[in-house]
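This briefing gathers a few features of one structure, grouped by topic. Please read it alongside the sequence and the coordinates shown here.

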Amino acid sequence: MANGFGTLFIGVSGLQSSQNALNTTANNLANVDTTGYVRQQVLFTDRNYVTFNETTAVSKQQSGLGVYIGDVIHSRDVFLDRSYRTESGRQAFYAATYEATNEVETYFQEMEGQAFQDALEDFWTSFQELYKTPDDSVSQNLVVQKAQLFVSRANAVYSGLQSYQYNINTQISDNIDQVNKLGDTIQDLNLQIMKVEAGGIETAMTLRDARDQALDELSSLVDISYNETADGIVKVSIEGTEFIDESRCYHIEKKTDKLTGFITPYWGYLSDVNKGKYVNVFDFGSRDISTENKNDMGELKALVLARGDHIANYTDIEGLDQDTYNDSTGMSVMLRAEAQLDQMIHGIVTALNDVLCPNVTAEDTIKNLTNGAATTLDVTLADGSTVTLNANTKILDADNCATGSDKQLPPQELFSRIGTERYTKATYTYQPVDENGNPKVDANGNPVTETKEIYIYNEEDPNDTTKQYTLQSLSVNEALVIDETLLPHLCQNGDVDYALAAKLAGVWDEERLTLNPNDTKACSFKDYYKDMIGEMATYGNVYNSTATSLTGTVASVDNQRQQVIGVSSDEELTYMIKYQNAYNAASRFINVVNEMIEHLLTQLG
């Protein structure tokens with residue numbers, strides 16, 4: 001009888017195990033479309049065996065006690081998970097970079113289409129007309145009008161680029177918030193999972209699914225590395241710095257630049273804000289961003305890199321060597337676009353101004369005024385203060401420059417810096433000499449003195465935009481807007497200066513600029529514009545093809561992953577039929593044992 005009831009227990013174990021397996025299968029089917037759900041698999045395990053005789057040579061004469069569910073496990077492949085998160089991070093990096101490049105291309109296409117390109121061509125044409133009749137007020141007025149349109153169109157594009165920079169800045173702020181939110185979610189799930197699994201009996205399936213989903217999302221935003229401890233805690237690092245440990249999530253903080261409002265992510269727990277010491281999340285100076293260095297991952301990094309840390313102008317290209325440029329302006333989509341556009345505008349503006357208002361060094365002037373006795377010259381400004389000129393100081397070439405209809409010096413420049421005059425007027429009193437080199441005297445033998453006016457060129461200051469010919473502080477000379485005849489066009493003897501008009505028309509074809517320090521070929525303003533558009537298109541194609549290729553890679557890895565973690569309704573229905581048949585078989589087994597026991601009790605009792 002004991003063996004009979006024991007056999008009944010074996011049947012019950014099969015009945016219970018099949019029922020629980022059916023429940024697991026039903027749960028999988030119910031969540032077939034649930035985002036982040038990982039299918040669960042049942043592992044059956046033998047119950048303990050009872051040994052009747054260990055001395056027999058044939059067998060140990062063991063009797064099994066049935067079956068039970070040893071575990072219900074997640075169907076995950078940790079290697080596919082890591083591969084998916086790595087490729088997802090890279091794809092997000094290049095997709096965000098391409099989006100910024102594409103936006104810049106949109107502005108440049110506007111330039112090439114109806115806005116800036118037409119303004120540039122019209123501005124060039126106005127100088128061709130001036131070349132024909134330099135003294136015609138209509139031609140002069142045309143130059144001034146087209147100059148205004150040229151500056152207006154250029155400013156519109158430049159302002160559009162700045163606006164998009166601030167758009168990216170907003171995305172950066174949102175991404176930081178999302179990273180911190182996901183970090184808090186993972187930390188909270190860590191604690192819940194640890195509580196559930198602390199007894200070693202239950203596995204927190206749903207909580208683990210949610211945590212893995214959060215890790216997937218986090219990997220697309222930042223470059224993460226992670227590992228799971230023995231008690232079920234997942235520790236996460238971002239860019240090699242600890243983000244989540246056993247006890248807390250260390251938030252990424254935001255440092256806001258007072259001048260631009262640009263946000264820089266930094267580690268608050270590693271920084272000393274009171275002393276102005278910040279540990280930034282991203283270090284762009286240590287290594288080049290590349291696949292080989294395995295640091296081209298995360299949308300947040302791409303956005304910070306694309307936006308740059310300031311609003312760029314021509315000084316971010318001019319005078320830089322190749323390495324310095326590639327490690328600064330050349331790394332950023334927005335800085336590169338702004339700097340190249342402003343360099344073109346700066347080149348055109350200064351080239352035209354230098355023809356209208358030519359400069360020379362003060363070396364010859366100092367020699368002439370001091371009879372070669374000095375290398376410097378002290379001159380007096382209008383306010384009575386004194387400044388010292390040296391041989392390299394730039395001054396107006398007053399003897400050879402042209403003038404406008406007022407015949408006044410200094411002549412009017414076409415483009416002005418807001419708040420900064422082109423020249424500062426100074427005077428120098430000296431004693432002239434005669435043809436023999438002797439000091440001149442009057443009829444009474446008294447020394448003769450003369451006063452010479454000198455116009456000191458106010459140099460551009462790389463640290464002050466108000467003293468630069470940059471789109472941030474550029475306008476057409478207001479004096480010329482009021483009276484276009486003040487545009488220099490006359491020789492100082494009153495003749496029309498046709499040579500000046502020819503120089504102005506020829507400026508456009510002179511090879512003055514290089515696109516960046518990586519390109520050593522000098523080009524004209526027209527070719528510079530084409531090269532600028534071409535380079536941007538090339539970058540766009542590279543980023544787009546890389547992002548597209550990685551999109552395919554991510555999809556391929558995810559397909560492989562879904563074959564492991566995804567729920568297949570056909571497969572689950574197959575399991576359901578198998579477990580249902582097992583349940584029915586166990587039920588029939590119990591019925592047979594029950595009838596046998598009943599027979600023994602009624603017939604033999």
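Which residues in α6 meet which residues in α8? In this predicted model, Leu-305, Ala-306 and Arg-307 of α6 are in contact with Val-333, Met-334 and Leu-335 of α8.

**Packing of α6 and α8**
- Helix α6, which spans residues 299-307, packs with helix α8, residues 333-356, at an angle of about 15 degrees, and their axes lie 4 Å apart.
- Because angles under 35 degrees count as roughly parallel, α6 is described as roughly parallel to α8.
- Sorted by class, the residues in the contact of α6 with α8 are five nonpolar and one charged, with no polar residue.

**The cavity**
- The count of cavities of 30 Å³ or more comes to one, and the volume of the largest cavity is about 40 Å³.
- Leu-120, Glu-121, Trp-124, Trp-508 and Lys-526 line the largest cavity, with helix α3 (residues 116-132) supplying the largest share of that lining, three residues.
- By class, the lining of the largest cavity holds three nonpolar and two charged residues, and no polar ones.

**Salt bridges**
- Side chains of opposite charge can pair when their charged atoms come close.
- Across the whole structure, 20 salt bridges are found, including one between the side chains of Arg-90 and Glu-87, at 3.5 Å from N to O.
- Arg-90 and Glu-87 are three residues apart in helix α2 (residues 78-112), so about one helical turn separates them.

Key: Residues numbered from 1 in each chain as written. Predicted model: local features only at pLDDT ≥ 70, side-chain atom pairs only at ≥ 80, totals over all residues. Heavy atoms only, no water. Axes fitted to C-alpha atoms, helices over the stretch in contact; angles between N-to-C directions. Helix = DSSP H or I, 4+ residues; strand = E, 2+ residues; numbered from the N terminus. Parallel < 35°, antiparallel > 145°, perpendicular 65-115°, else oblique. Contact = heavy atoms within 4.5 Å. Nonpolar A, V, L, I, M, F, W, Y, C, P; charged D, E, K, R; others polar. 1 Å grid on protein atoms, 1.4 Å probe; cavity = no way out; pocket = protein on both sides within 12 Å on 5 of 7 lines; lining within 4 Å. Points joined across faces, edges and corners; volume = space filled by probe spheres on them. Salt bridge = Lys/Arg side-chain N within 4 Å of Asp/Glu carboxyl O.
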